[in-house]
Amino acid sequence: MPLKVAVVGSGPSGFYTVAALLKADVECQIDVIERLPTPFGLIRGGVAPDHQKTKNVWRAYEKSALNEAVRYYGNVEVGRDITIDELAGIYDAVVLAVGSPLDRRLGIPGEDKKGVIGSASFVGWYNGHPDFRDLNPNLDIQAAVVVGNGNVAVDCARVLAKTPEEMSTTDLTDYAAEAIHKSPLTDIYMCGRRGPVEAKFTNVELREMGQLEQCAPIVDPAQLPDEIIGDFDDRDRRLRERNLATLREFTEMSPDGKPKRLHFAFFTNPVEILGDDRVEAVKMERTAVQDGRAVGTGEFVEIPCGLVIPAIGYYGEPFPGVPFDEKGGVVVHQDGRISDGVYAVGWIKRGPTGVIGTNKHDGDHAAQQILTEIKEGGKLGRDQLETVLGERDVRWVSYADWKRIEEAEIENASPGAPRRKFSRVDDMLSALDG
Ligand code: NAP
């Protein structure tokens, strides 16, 4: 009897789990269940549209999806169409790989004002994620503040800064391109509550900010230390030195002739979003770093702006039927085990950190747990899933269906662009009917 496994979520952590199970010398039947018709999670909806090379990792996931032991069930929402308990009754093992789709909150006054849009929403919007299709951010603004010094902050700032020509070879959605490129935005502030040494963005991403056609990086040389003091291992120290060297190069670049500016505002911590119902400015407290922590100095500045994007990390969403750790924003588990036969991998297990490849370890670990803990497959698996979905009139999307949706996206693309994304579920399903 093959071991029947359901993987809920088709992003990196889900597909690395599938790959690890396929690699093991055990007969398996693996079903990937995904809420959207489209697979690959943050690879499609999170990775920036101008980072197509990073997105290419989907090719590895497709190899797994096309394995005869694997079947894809898109457009099936666990919690709505079928419960996790039902899945646990149908499959020998269930793996939750649903990521952290929400924004962490700043927890400061004014953050619910119009014009404050967390990075998960903003990124989902420009990337055509159906959940954020109707976000319609008002970009009739002169200045935007991106809070955070991680790679997501850099992504948001860069997508706002690039020209139509720079984005012409990307899959930025048409509606986002139109809003961004007709915006009178001239000043983007990327605010870090700590300094350049503590910034979390990586050097490749930082360097891109010095190569933008119409946007100049602005760095205050007084904020750059001469040397790195602190307890860092060699690798960490080298990475930080590289960032400092890049920021020093930025101080020598002339902003002349570039209509947009990207201000690196280190040592600034947002304390209040100002304005009536819409954001008009962010009140920032200047900070100093003590023992690696940002400490307020009691000096305040205001940055006028019409858009604030807190890019301060993602947060997990409680999953129906699974205990949730509110503080950590992850499911309650022990070493990935939620209950007998139910496991978690990726961000919903360990929180939203690390790069795409970090999920590989999670997938390997979960596969190993499943294979050692579940001795024998005996449950009905796929046939029963299809019976239940059929009885409930759920229209599931197979992998072959997804390839047809993808084909339509590629056919519809502008010259030079990889695809024109569908951003509404109905349009994806209509592409199949049409
Ligand atoms: P991140 O790397 O953890 O960065 C979060 C940033 O927000 C940090 O600068 C953090 O400052 C700041 N922050 C947190 N809470 C704050 C608060 N209350 N007030 C002000 N600032 C606050 O998270 P991320 O940028 O969301 O990225 C998530 C993961 O995806 C990372 O591992 C990232 O490298 C990865 N990613 C990679 C790429 C790429 O490789 N191109 C692209 C996107 C994302 P502190 O450091 O002071 O806490």
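## Cavity, pocket and ligand shell

This structure, which is a predicted model, holds one cavity of 30 Å³ or more. About 110 Å³ of space lies in this largest cavity, and the residues that line the largest cavity are Phe40, Ile43, Arg44, Lys55, Trp58, Asp171, Trp402, Glu406, Arg419 and Lys421. Two elements, α2 (42-45) and α14 (399-411), are those that give two or more residues to the lining of the largest cavity. By residue class, the lining of the largest cavity divides into four nonpolar residues, six charged residues and no polar ones.

The second largest pocket has a volume of about 350 Å³. Its lining is made up of 23 residues, of which Leu172, Thr173, Asp174, Arg419 and Arg420 lie nearest the centre of the second largest pocket. Helix α8 (residues 174-181) provides the largest share of the lining of this second largest pocket, namely four residues. Eight of the residues in the lining of the second largest pocket are nonpolar, seven are polar and eight are charged. Domain 1 (3-101 + 316-432) and domain 2 (102-314) each supply at least three residues to the lining of the second largest pocket.

The ligand is surrounded by 20 residues, and the closest of them are Asn149, Arg193, Arg194, Glu205 and Gly354.

| Residue | Protein atom | Ligand atom | Distance |
|---|---|---|---|
| Arg194 | polar side-chain atom | oxygen | 2.8 Å |
| Glu205 | polar side-chain atom | nitrogen | 2.8 Å |
| Gly354 | polar backbone atom | oxygen | 2.9 Å |

On its own the ligand has 920 Å² of accessible area, of which the protein covers 82%. The residues in the table, Arg194, Glu205 and Gly354, are among the closest to the ligand, with a backbone atom taking part in the case of Gly354 and side-chain atoms in the cases of Arg194 and Glu205.

Notes:
Residues numbered from 1 in each chain as written. Predicted model: local features only at pLDDT ≥ 70, side-chain atom pairs only at ≥ 80, totals over all residues. Heavy atoms only, no water. 1 Å grid on protein atoms, 1.4 Å probe; cavity = no way out; pocket = protein on both sides within 12 Å on 5 of 7 lines; lining within 4 Å. Points joined across faces, edges and corners; volume = space filled by probe spheres on them. Nonpolar A, V, L, I, M, F, W, Y, C, P; charged D, E, K, R; others polar. Domains from an automatic or database assignment. Near = heavy atom within 4 Å. Polar contact = N/O pair within 3.5 Å; in protein donor to acceptor, adjacent residues only side chain to side chain. Areas by Shrake-Rupley, 256 points an atom, 1.4 Å probe, with all protein chains shown as cover.
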